Amino acid sequence: MQMTTRDVLLEMDQEEEDDDDGDIGDVAASKRPFLTPDPSRLVLDNFEQTAVSSFGVLENQPDFRTPEFEEFNGQLDSLFFNDGQRRIDFVLVYEDESRKENNKKGSNEKQRRKRRAYESNLICDGLHLEATRSILDDKLVFVKVHAPWEVLCTYAEIMHIKLPLKPNDLKTRSSAFDNFSWFTKVLQVDESIIKPEQEFFTAPFEKNRMNDFYIQDRDTFFNPATRSRIVYFILSRIMYQVRDNVKKFGINKLVSSGIYKAAFPLHDCNFSHKSEDLSCPSERYLLYREWAHPRSIYKKQPLDLIRKYYGEKIGIYFAWLGYYTQMLLLAAVVGVACFLYGYFNQDNCTWSKEVCHPDIGGKIIMCPQCDQHCSFWNLNITCESSKKLCIFDSFGTLVFAVFMGIWVTLFLEFWKRRQAELEYEWDTVELQQEEQPRPEYEAQCTHVVINEITQEQERVPFTTWGKCVRITLCASAVLFWILLIIASVIGIIVYRLSVFIVFSTKLPETLNGTDSIQKYLTPQTATSITASLISFVIIMILNIIYEKVAIMITNFELPRTQTDYENSLTMKMFLFQFVNYYSSCFYIAFFKGKFVGYPGDPVYWLGKYRNEECDPGGCLLELTTQLTIIMGGKAIWNNIQEVLLPWVKNLIGRCRTASRAEKITPRWEQDYHLQLMGKLGLFYEYLEMIIQFGFVTLFVASFPLAPLLALVNNILEIRVDAWKMTTQYRRMVPEKAQDIGAWQPIMQGIAILAVVTNAMIIAFTSDMIPRLVYYWSFSVPPYGNHTHYTMEGYINSTLSIFKVSDFKNQSKGNPDPKVVIPTTCRYRDFRNPPGHEQQYKHNIYYWHVIAAKLAFIIVMEHLIYSVKFFVSYAIPDVSKRTKSKIRREKYLTQKLLRENHLKDMTKNMGVKVERMVEVVDNNLRPKSE
């Protein structure tokens, strides 16, 4: 490979420069992250720069090199240059300025000069370029990029890419499940269609040890994904302009500023049929057929092929999502069993029977739940809701909450083991690739500081004081938006309080409760459903706004590397989403109905709105309703959005070119008209699943069917994501990844919090503890009158008595003129009756219940945390088998490299000895003669 030692950089005057693409920092060659192909060739320092100081014709510059222009050769699925030999590793797309309708000469000329300088420097760096004009739109030009063998080898060494040394001869141990292979075979991908990948011993590539590597064919030694990754690495680090010793570089800036319209690697074929080129493996078609197609919904994912085609970062996402879905199967089965237990035992629910009984619940008159506008009401109008509550507020719920506390630990621990296996199988155990700073970070590197370690000068984007200012501003912005969410929650609460009065006034309500509709559409139910729907709409609107705000805040924060950027954005987005999605659930679970006072002395919000109360059976059913609406609505909305948006956009694009559709378009032009999946596309997929994970774990005690909904959603989510990537999106640049990043500690934090929330839901939101206290203590003497333990009389014991004449004027209800005003009414609390020496004060039952609730929380938390700790300790993060494989492979790799090195040394020594013998013979021969 001949690498030219001259780069073309545009050097513009200050007044000529436009700032549309930002300033990339003036970084010394020794400090910059741009690695060079040849150690003897330092970046920039040894470049003999050619300055182009005018808007003259660039082609006339002696050092300017342009790509070859070729006509499309008519081969539809070709992945090669017109010569059929050089593979297309990347495609750049731009719009020819000379053919634009709105031709702004000055602006277009600047863009043209930068692009030509950039392409020239790509050629100087060893890449091959070939340009072809669009078939459908002659303004578009596609620049195809090819990396020759020498460039690939050079950058593979720089990027520490692991490549095959020799085939892996380690035997795979037989599994205990092999005897059931006949059963699992139907779930596996057909190996005759997607053949298993051959395993190799690998090592970081080194050019001086090229003979040690398993190079049978130079064209296939670097697979297409690796080639694209290397080319993208180069494209991101090639310069195109210099001004005042400030250099600008990278394809990302050129695309964002409009100089190029797109940059992407190619799909290998059409997703609906195989490539016409018999040498093409048609991996996209195989992925669509065996992974993305609906008929493959029951099959396991071809993870090795996903990793090979899209890279490890996307591969590990689908591996995690698939493993999470498999684990949800167990949780869903147990959840459905607990639900069915409650459903079939609801007829045995004594307290619900008392609510519905006309002689018990029908004769209990409840106090008005709002001031002025609400009237007295009969308890039995909540009959239907009490029956539904029996399904969810049962002993099975307690068992399921304990089970889920252990399940989440098992899931996280077994995922760590699975992740370690993938690290070994996908060669990311010792990921040596040094992550480079983001170009946006280097754009601001203007401050010179002394490195404490090297004692050399280096450039940073801001001083220590500037960093503190940025962190303070970013934290303030995040706090402001969190407070905004809390304000929206307060708005929903105010809506609940105000609209409940309206529903209580407008909805027909009688003491007899004979209206069949009224059994279901109570004021409490109507308020709960409408408030949940409004809450869901507000959540989705705030999500759309905050996504943009979070990106702006993170950009202002200026993280150094892409991993730092994603982690910072992850924490901001998750913190926001956590408050946004879960705040209303936390309010219903732990605050609603807890601080209401009693009818004679109610508690008011903002001094105006009377705090809302729960149903006589508690707020658990309302929490279940809230979870169902938010979780179900979010799943439906996300899946519709993920399917419809890219499909509609591509449909519009096809309609625009329908008149020219009869023309044969090449592979690069077909891919150009697909949608772009941005760098944060995978981030949003993770975020969606982690929010769902929170719903499944944090509030599962109130909704045992949550794992089942999540399971169904995830089965569809895997195939929808696969369908999007294979059919609707351009191929992403493959990226390396060892794990799922910051999402792992986030899940661990959710798992710890879930134990507390579920224990508190059972203790404070459900009526399980009061029922147990009544059954074991207050149903029998000395507190009860029954001769045996029973739940009879429970409703009467949990409803306190209030004397109507003790109402204050402000809190009096609006009595129905047709109904006789009662002398007393009942309300949900444990207080002494009127006439007692401590009337309306909490009674002994209340303190027993509080003590039992606190004891339950302490016991349940300690029990589950103890089991979680034991499980975490007993299950190692890396299995013994995987450790042995890693050590064995490392040993064999080192042995192989050492043996090859000794062979080379022996061979070299033999050559040197032979030469020495020849020299000695030549020196001695004259004497002997």
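This is a predicted model: local features need pLDDT of at least 70, side-chain atom pairs count only at pLDDT 80 or more; totals for chains, interfaces and linings use all residues.

Entry 1. I began with the torsion about the S-S bond of Cys367 and Cys825: it is about 90 degrees, so this disulfide is right-handed. Cys367 sits in the loop between strand S12 and strand S13, while Cys825 is in strand S21, so the pair ties together parts that are 458 residues apart in sequence. Their S to S distance is 1.8 Å, and I found both Cys367 and Cys825 buried.

Entry 2. How many disulfides does the structure hold? I got three. Another one joins Cys349 to Cys390, S to S 2.3 Å. Its torsion is about -70 degrees, so I wrote down left-handed. Cys349 is in the loop between H9 and helix H10, Cys390 is in helix H11, and 41 residues separate them.

Entry 3. Then I checked Cys356 and Cys383, whose sulfur atoms are 1.9 Å apart. With 100 degrees about the S-S bond, this link is right-handed. Cys356 lies in helix H10 and Cys383 in helix H11, so parts 27 residues apart in sequence are tied together. Is Cys383 buried or exposed? It's buried, at 12% relative accessibility, whereas Cys356 is partly exposed at 22%.

Entry 4. On to rings: my search of the whole structure gave 60 aromatic pairs. One of them is Tyr317 with Tyr686, edge-to-face, 4.9 Å centre to centre and 80 degrees between the planes. Tyr317 is in helix H9 and Tyr686 in helix H20, 369 residues apart. Tyr317 is buried at 0% relative accessible area, and Tyr686 counts as buried at 6%.

Terms used. Residues are numbered from 1 along each chain as its sequence is written. Side-chain values use heavy atoms; hydrogens and water are left out. Rings of Phe, Tyr and Trp (its six-membered ring) pair if their centres lie within 6.5 Å; planes under 30 degrees apart count as stacked, over 60 as edge-to-face and the rest as tilted. Helices (H or I, at least four residues) and strands (E, at least two) are DSSP runs, numbered from the N terminus. Buried means under 20% relative accessible area, exposed over 50%, partly exposed in between (1.4 Å probe, protein chains only). A disulfide is a pair of cysteine sulfur atoms within 2.5 Å.
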